[in-house]
Amino acid sequence: GSIFNSVTGGLSVVSSSYFTSLLANYFNGAFVGVVAQPSWLAYVLNGQFSSLIDVISVSNSLLSFQSTSVGLLAYQSTGSLANFYASTSSLLYLTSSSVSLSSWTASSATTLALTTFNGISGIGTFASGDTLFTVLSICESTQSVALRFTLFMVDSWNSVNFAVTANGVSIFSAVLSGANEYRFIEAQFASSFATSSQVVLSFSAVSTVSGASVAWGIGQVAVSYSNVAAGYIFSTFTGSSVALTSSYFTQYLNTYMQGQFIGYSEQPLWLSYVRAGLFDSSIDFIAVSGVNLNLASLSVSSLSLLSSFMALENTAAIAYTNSFDSLTLFQSSFASSNTLVSNFFSSTST
C-alpha cells in the first residue's frame with residue numbers, strides 16, 4: 001500500500017495501483033529493458049480505474065472503484081492521444097541563469113535582471129508595490145491555463161499580500177509572512193482564444209505594514225495551455241475531461257510527458273517534488289479559478305482508496321521546510337544525481 005519516495009527518502013501511500021506510481025515516478029512511463037510493453041500500460045499510467053474491468057487487492061482487501069465504462073480501445077494508442085498533444089502546449093521560463101528577459105517587464109524603474117536566490121535562478125529583486133508583467137499567447141484550442149512558479153520571499157515579510165492576476169482578474173492571492181523563504185505556487189484559470197488571444201500576467205507584493213521593507217522575486221516558471229476547463233485534465237481514454245485532485249502538473253508530467261518538460265535541458269527544481277504529488281501547506285499553494293485549495297484534505301493519503309481499511313501515513317527521512325536552505329534539497333532530488341533513486345532500483349525488481 002505504499003511506495004518508496006525518492007524525494008523525501010520515506011514511504012508514500014499509493015492512491016490505488018502500485019504500478020501507476022512506479023511507472024510514473026521511476027520508469028518514465030514504460031517498463032525498462034523490454035521491447036513489448038503490456039497492453040494496459042497507458043491505461044494504468046493514467047490512473048483512472050473502473051469496477052467493470054479492474055480488481056486491485058491490497059493486503060487481501062479489495063479497493064472500490066466507480067463503474068465507469070471503458071472500452072477496449074482505451075488500452076491502445078488512439079487519435080485522442082494525438083489530439084491531446086496537438087491541442088496542448090507547455091513552456092518554461094526562468095529556469096536557468098542564461099535565459100532571455102525580453103518577455104518580462106516591470107512597473108518599477110529598476111532594470112530587470114536575473115539573480116540567484118540561495119543558488120536558484122530567478123528574476124528580481126522587487127520591492128513592495130512593484131508589479132512584474134509577462135504576456136502569454138493563447139492557443140486556439142486553449143480552454144484554461146496552468147501556471148506554476150517559485151516565489152522567493154527575501155529578507156523579512158510580515159503580512160505581505162502577494163497576488164497574481166490574468167488580464168486583471170485575480171487568479172491567486174495570499175497574505176504571507178516569513179524571512180528568506182520560498183513558496184511553490186500554482187494557479188489554474190480559465191482562458192480561451194475566443195475571449196482573448198493574449199493574457200497579461202501580473203505578479204505583485206504589497207506590504208500591509210506601513211513603511212515595511214519587502215523584497216521578492218520569482219523563478220522556475222511553467223505555463224501549460226490545457227484543452228479543457230480549469231481544475232480538469234483531458235483523458236485520452238474517455239475522450240473527455242477528468243477532475244484533478246490538486247496539481248495539474250502532477251498528472252500532466254506523469255501521464256503525458258514521461259516525467260519532464262520535453263525540449264528543455266534544464267528542468268524546474270520542483271519537478272520531482274510535483275511528480276510525487278505530496279504537497280505541504282507550509283510550502284505549497286494551488287489555486288483553481290482564484291480559490292486556494294485545502295491541501296491537507298487533498299493529500300494522497302487522504303484520497304487513497306486504501307484509507308477505508310488501512311491506516312497508512314506518509315513518512316520522510318528528509319525534512320523539507322519553506323526556508324531558502326531547503327532549495328538545494330529539491331535540486332538533489334533529480335534522478336541523475338539522487339542516490340535514493342539508485343538505492344530504490346538496487347533493492348527492488350520488476
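This is a predicted model: local features need pLDDT of at least 70, side-chain atom pairs count only at pLDDT 80 or more; totals for chains, interfaces and linings use all residues.
Reader: Why is Ser-226 called buried?

Author: Ser-226 has a relative accessible area of 2%. The term buried applies under 20%, so Ser-226 is buried. This residue lies in strand β13.

Reader: What does Ser-226 touch, not counting residues up to four places away in sequence?

Author: Ser-226 touches Thr-88, Ser-141, Thr-142, Gln-143, Ser-144, Tyr-232 and Tyr-248. Contact requires heavy atoms within 4.5 Å.

Reader: Why is Ser-96 counted as buried?

Author: The relative accessibility of Ser-96 is 8%, and the cut-off is under 20%, so Ser-96 counts as buried. Its place is in the loop between β5 and β6. Leaving aside neighbours within four places in sequence, Ser-96 is in contact with Leu-114, Ser-121 and Glu-266.

Reader: Why is helix α4 described as largely enclosed by the rest of the structure?

Author: Helix α4 covers residues 248-255, and eight of the eight are buried, so the helix is largely enclosed. The buried residues include Tyr-248, Phe-249 and Tyr-252. At the start of α4, a side-chain oxygen of Ser-247 reaches to within 3.0 Å of the backbone nitrogen of Phe-249.

Reader: Which residues of helix α1 are buried, and what covers them?

Author: In α1, residues 18-25, the buried residues are Thr-20, Ser-21, Leu-22, Leu-23 and Ala-24. Their cover includes β1, α2, α4, α5 and α8. At the start of α1, a side-chain oxygen of Ser-17 reaches to within 3.1 Å of the backbone nitrogen of Phe-19.

Reader: How do you know that strands β10 and β11 pair?

Author: Pairing requires at least two bridges, and 19 bridges join β10 (residues 144-166) to β11 (residues 169-190). The two strands therefore pair, and they run antiparallel. Ser-156 stands opposite Ala-179 in β11. The strands form a hairpin with two residues between them.

Reader: How do you know that β11 pairs with β16, and in which sense?

Author: Five bridges connect β11 and β16, where at least two are needed; the strands therefore pair, in the parallel sense. The bridge partner of Phe-184 is Asp-284 in β16.

Reader: Why is Asn-167 called partly exposed, and what is its phi?

Author: The relative accessible area of Asn-167 is 39%. Partly exposed lies between the buried limit of under 20% and the exposed limit of over 50%, so Asn-167 is partly exposed. Asn-167 is found in the loop between β10 and β11, and its phi is positive, about 50 degrees, although it is not a glycine. Most residues other than glycine have a negative phi.

Reader: Why is Asn-28 called partly exposed?

Author: Asn-28 has a relative accessible area of 39%, which lies between the limits of 20% and 50%, so the term partly exposed applies. Asn-28 lies in the loop between α1 and α2 and has a positive phi of about 50 degrees.

Reader: What makes a set of residues a nonpolar core, and which members of the largest one touch the most other members?

Author: A nonpolar core is a set of buried residues of listed kinds, Phe, Trp and Ile among them, joined through side-chain atoms within 4.5 Å. The largest core has 38 residues, of which Phe-162, Phe-203, Trp-216 and Ile-218 touch the most other members. Its largest share, 10 residues, comes from β10. A second, separate core of 37 residues includes Val-7, Leu-92, Ala-222 and Phe-234.

Reader: Which residues line the largest cavity, and what is its volume?

Author: The largest cavity has a volume of about 40 Å³. Its lining includes Ser-144, Gln-188, Ser-226 and Tyr-248. β10 gives the most to this lining, with three residues.

Reader: Where is there a cis peptide bond, and what is omega?

Author: A cis peptide bond joins Gly-124 and Thr-125, with omega about 0 degrees. Thr-125 is placed in strand β8.

Terms used
Residues are numbered from 1 along each chain as its sequence is written. Side-chain values use heavy atoms; hydrogens and water are left out. Buried means under 20% relative accessible area, exposed over 50%, partly exposed in between (1.4 Å probe, protein chains only). Helices (H or I, at least four residues) and strands (E, at least two) are DSSP runs, numbered from the N terminus. A polar contact is a pair of N or O atoms within 3.5 Å; within protein, one must be able to donate a hydrogen and the other to accept it, and residues adjacent in sequence count only if both atoms are side-chain atoms. On a 1 Å grid over the protein atoms alone, a cavity is a set of points where a 1.4 Å probe fits but cannot get out, and a pocket is an open set with protein on both sides within 12 Å along at least five of seven lines; lining residues have an atom within 4 Å of a point. Grid points are joined across faces, edges and corners, and a volume is the space filled by probe spheres set on the points.
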